[in-house]
Amino acid sequence: MQRRAQRVTGLGTTIFAEMSELALRTGAINLGQGFPDTDGPSEILEQAVDALRTGHNQYAPGRGVPELRQAISGHQRTHYGIEPDPDREVLVTTGATEAIAAALLGLVDPGDEVVALEPYYDSYVACIQMAGAVRRPVLLRAPGFRLDPDELRAAVTPRTRMLLVNSPHNPTGTVLTPAELAVVAEVALEHDLLVVTDEVYEHLTFDQRAHVPLATLPGMAERTVTCSSAGKTFSVTGWKVGWACGPADLIASMLTAKQFLTYTSGAPLQPAVAYALRLPASVLDDLREDLENKRDLLCDGLTSIGFDVYVPEGTYFATTDVRPLGYADGVEFCRELPTRAGVVAIPHQVFYDDPDAGRSLVRWAFCKREDVLHEALGRLRRAYG
Ligand SMILES: Cc1ncc(COP(=O)(O)O)c(C=O)c1O
């Protein structure tokens, strides 16, 4: 008797679970999984406590509580000058992960091709496979991790249905430039493709870089679903409150899938996220600035230890090449790291179809307290310096 469906074959346990477990077992500092080790702003947490105490504990509407949908629409207006209709063009989801899953299940048929930037966030691989679709990678190559327009064009075939675009990009830290975004838009328009964007790091871009949603480019609003979430922006990754904005018909198809995945979730957290999205821009600036300082702290430290460091333009993550330390393989380096140095990191290989493309690369999360980053760097220096 076969006890596993083909749609989950080969997906296994995520490397994050494996590495987080290794961190727990060895007492290592976990710079693997991308979650902050401090809570988000206390005023946001207080809103959730209030909601718990004032009767927001039953099913929220499937599309999300109206207050949050209005706040999401207001957020898109304030930051990007677009204003999705809160009743038809906004959907609240269980994290961006569910938004992306619902997009793949609701908008793509078995056999359709989905073009995505490689290395990819692991849920894309799983959800494309579970939707019965076929992934077509477009490689962002070290050291620059830029999008090559010719490779994007070459990845599109008559079977392509969707471009799945993540910017700011995990794990490389790339923020697509206006020119790169224009190429994505051009390809989508030329081939009449749907576009789903993963913008969970939209407010975590560095060195004054602006994040530009693809939906704001000419002709793109009609074909683009923009996904994001509160987790990364407000340091509440455990809340899993995300959303999708896009044309009403696409959102309706996603809702059809979403209502049979979770129907709804996080009822008392939804008003708190609505509150967070309405906070003044200075709150976002402070969170970003704090993270940018941590990026610099970790990147400078890793450079001084001898790693080749690719300084990220956004996200929670920095990438290094471990070859200068005498390792050819990031998996080997990461498996040894907890016992040799007392630190956990993630090998890039797990984000690629072609492991050779990321063989010597390792990803480090810097969304941790400064004293934790100092301690991790001290341990690394003692082990490798
Ligand atoms: C690119 C990307 N998309 C989505 C997610 C998950 O978002 P959420 O927790 O809102 O589901 C992550 C989390 O690491 C991510 O890095």
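Which residues lie nearest the centre of the largest pocket, and how many residues line it? The model is predicted, so local features need pLDDT of at least 70 and side-chain atom pairs count only at pLDDT 80 or more, while totals for chains, interfaces and linings use all residues. Residues are numbered from 1 along each chain as its sequence is written, and side-chain values use heavy atoms, with hydrogens and water left out.

The lining of the largest pocket has 44 residues, and Thr14, Phe16, Tyr121, Asp122 and Ser123 lie nearest the centre. A pocket here is an open set of points, on a 1 Å grid over the protein atoms alone, where a 1.4 Å probe fits, with protein on both sides within 12 Å along at least five of seven lines; lining residues have an atom within 4 Å of a point. The elements that give two or more residues to this lining are α1 (15-26), α4, α5 (122-130) and α8 (230-233). Helices (H or I, at least four residues) and strands (E, at least two) are DSSP runs, numbered from the N terminus. Helix α5 supplies the largest share of the lining, eight residues. The pocket holds about 1000 Å³ of space, a volume being the space filled by probe spheres set on grid points that are joined across faces, edges and corners.

By class, the lining divides into 20 nonpolar, 15 polar and nine charged residues. Ala, Val, Leu, Ile, Met, Phe, Trp, Tyr, Cys and Pro count as nonpolar, Asp, Glu, Lys and Arg as charged, and the others, Gly among them, as polar.

The ligand sits in this largest pocket, meaning that more than half of its atoms lie within 2 Å of the grid points. Residues around the ligand (a heavy atom within 4 Å) include Tyr121, Asn166, Asp198 and Lys240. Helix α4 (residues 95-107) gives the largest share of this shell, three residues.

An oxygen atom of the ligand is 2.8 Å from a polar backbone atom of Ala96. The side chain of Ser229 has an N or O atom 2.7 Å from a ligand oxygen, and an N or O atom in the side chain of Lys232 is also 2.7 Å from a ligand oxygen. Taken alone the ligand exposes 400 Å², and the protein buries 92% of that (Shrake-Rupley method, 1.4 Å probe).

The backbone has some details to check. Most peptide bonds are trans. The bond from Ser167 to Pro168 is cis, with omega near -10°, and the bond from Asn170 to Pro171 is cis, with omega near 15°. Pro168 is found in the loop between β5 (160-166) and α7 (178-190).

Definitions and conventions. A polar contact is a pair of N or O atoms within 3.5 Å; within protein, one must be able to donate a hydrogen and the other to accept it, and residues adjacent in sequence count only if both atoms are side-chain atoms.
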